[in-house]
Amino acid sequence: MSDSEAEETKTGTDPVDNAWALKIPAFKQEDNPHGMVEESSFATLFPKYRERYLKEVWPLVEQCLEEHHLKAELDLMEGSMVVKTSRKTWDPYIIIKARDMIKLMARSVPFEQAKRVLQDDIGCDIIKIGNLVHKKEKFVKRRQRLIGPNGATLKSIELLTDCYVLVQGNTVSALGPYKGLQQVRDIVLETMNNVHPIYNIKALMIKRELMKDPRLANEDWSRFLPKFKNKNISKRKQPKVKKPKKEYTPFPPSQPESKVDKQLASGEYFLNKEQKQAKRNQERTEKQKEAAKRQDERRNKDFVPPTEKATSSSSNRKKEEESSISKVDVKALKAKLIKANKKAKS
């Protein structure tokens with residue numbers, strides 16, 4: 001018996017070695033000759049900025065769905081798209097595929113890509129990432145990390161998973177084979193959990209190379225895959241002024257003095273009512289005198305003449321003259337004058 005015949009003889013309860021390698025049998029019109037008994041319909045809303053594009057491509061959408069005997073309606077007033085089955089529809093799952101197609105188109109996926117969902121081996125996944133990160137700044141950074149510089153990271157994910165991936169707002173729309181959709185979801189969720197997508201991209205590249213070697217088919221591949229080390233570095237802001245820690249003592253601190261203890265220590269506790277009042281009045285008058293004195297000093301501060309330095313111009317001149325005289329040699333000057341007179345006489 002050949003392998004193909006052995007696979008055909010397997011029942012539905014037999015174990016499957018590789019589920020991804022199984023071929024899904026095609027569902028044909030002969031399998032459901034009576035068609036659909038009830039009408040099924042799905043509707044989805046779309047944002048205002050998609051109205052112009054949907055209005056342009058809607059004839060193509062109707063033409064594409066007509067091949068599968070489905071009806072499509074576009075309500076611009078309400079901002080919704082509706083898909084319905086007809087009496088000629090024979091595939092019961094095609095309405096689910098059509099619902100996924102209009103959902104993708106509402107999430108800014110172009111019609112040329114969205115219509116691929118109608119194929120049997122192609123599925124879609126809309127991953128919600130808006131509630132995975134609480135802080136908006138972190139969410140924007142991690143979403144941009146998923147896209148990469150000039151969309152390079154997103155393009156590499158598409159090439160490795162054979163899926164079309166679109167990051168739009170708080171969701172990530174993926175379209176492609178079911179195995180690739182599972183890989184895309186894992187990459188997106190780990191990226192939003194602060195694991196860089198380059199680790200998963202490297203792992204996918206290594207797995208693709210390992211699949212080519214039949215000797216490693218039954219071995220563990222974990223030793224070949226990159227390992228991510230989570231470094232949780234606390235970036236808590238340190239206080240500007242740090243209070244030094246006191247030395248540990250096993251004894252509790254002494255109890256602070258109460259008001260009665262302070263009065264007992266000062267002797268005020270034993271005074272009568274009149275004496276206490278007189279003491280308070282005396283303290284009040286002393287405080288008033290001190291405050292009045294400070295106020296007068298503050299007011300008279302502008303009228304106090306500044307201390308000027310004595311001008312020493314005249315005294316400096318005298319000192320300079322005396323120093324110049326002291327420097328001149330009187331004897332040499334006399335001898336010079338006598339010599340000059342003799343010359344003049346001769």
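**Close-up 1. Phe-270, exposed at 63% relative accessibility, and its aromatic partner Tyr-269 in the predicted model.** Line-up of the two rings is edge-to-face, with 5.7 Å centre to centre and 90° between the planes. Whereas Phe-270 counts as exposed, Tyr-269 has a relative accessibility of 43% and counts as partly exposed, because this class covers values between the buried limit of 20% and the exposed limit of 50%.

**Close-up 2. The stacked aromatic pair of Phe-27 and Trp-90.** The count for the model comes to two aromatic pairs, and in this one the ring centres are 6.1 Å apart while the planes make an angle of 15°. The pair counts as stacked because the angle of its planes is under 30 degrees. Phe-27 is partly exposed, its relative accessible area being 35%.

**Close-up 3. Arg-99 and the ring of Phe-42.** The charged end of Arg-99 sits over the ring of Phe-42, at 5.4 Å from the ring centre.

**Close-up 4. The salt bridge of Glu-56 and Arg-52 in helix H2 (residues 51-66).** The side chains of Glu-56 and Arg-52 meet with an N to O distance of 4.0 Å. Because these residues are four apart in the helix, about one helical turn separates Glu-56 from Arg-52. Both Glu-56 and Arg-52 are exposed.

**Close-up 5. Two further salt bridges, Glu-209 with Lys-212 and Asp-213 with Arg-215.** A search of the whole structure finds seven salt bridges, among them that of Glu-209 and Lys-212, whose closest N and O atoms are 3.5 Å apart, and that of Asp-213 and Arg-215, with 3.3 Å from N to O. Lys-212 counts as exposed at 57% relative accessibility, and Arg-215 is likewise exposed with a relative accessible area of 69%, whereas Asp-213, at 21%, counts as partly exposed.

**Overview. The protein chain that holds these sites has 12 helices and six strands.** Of its 346 residues, 24% count as buried, and the accessible surface comes to about 28,100 Å², with 53% of this area belonging to carbon and sulfur atoms. Among contacts between residues at least 6 apart in sequence, 59% join residues at least 24 apart.

Terms used. Residues are numbered from 1 along each chain as its sequence is written. This is a predicted model: local features need pLDDT of at least 70, side-chain atom pairs count only at pLDDT 80 or more; totals for chains, interfaces and linings use all residues. Side-chain values use heavy atoms; hydrogens and water are left out. Rings of Phe, Tyr and Trp (its six-membered ring) pair if their centres lie within 6.5 Å; planes under 30 degrees apart count as stacked, over 60 as edge-to-face and the rest as tilted. Buried means under 20% relative accessible area, exposed over 50%, partly exposed in between (1.4 Å probe, protein chains only). A charge sits over a ring if NZ of Lys or CZ of Arg is within 6 Å of the ring centre and within 35 degrees of the ring normal. Helices (H or I, at least four residues) and strands (E, at least two) are DSSP runs, numbered from the N terminus. Contact means heavy atoms within 4.5 Å. Accessible areas come from the Shrake-Rupley method with a 1.4 Å probe; for residues, only the protein chains shown count as cover.
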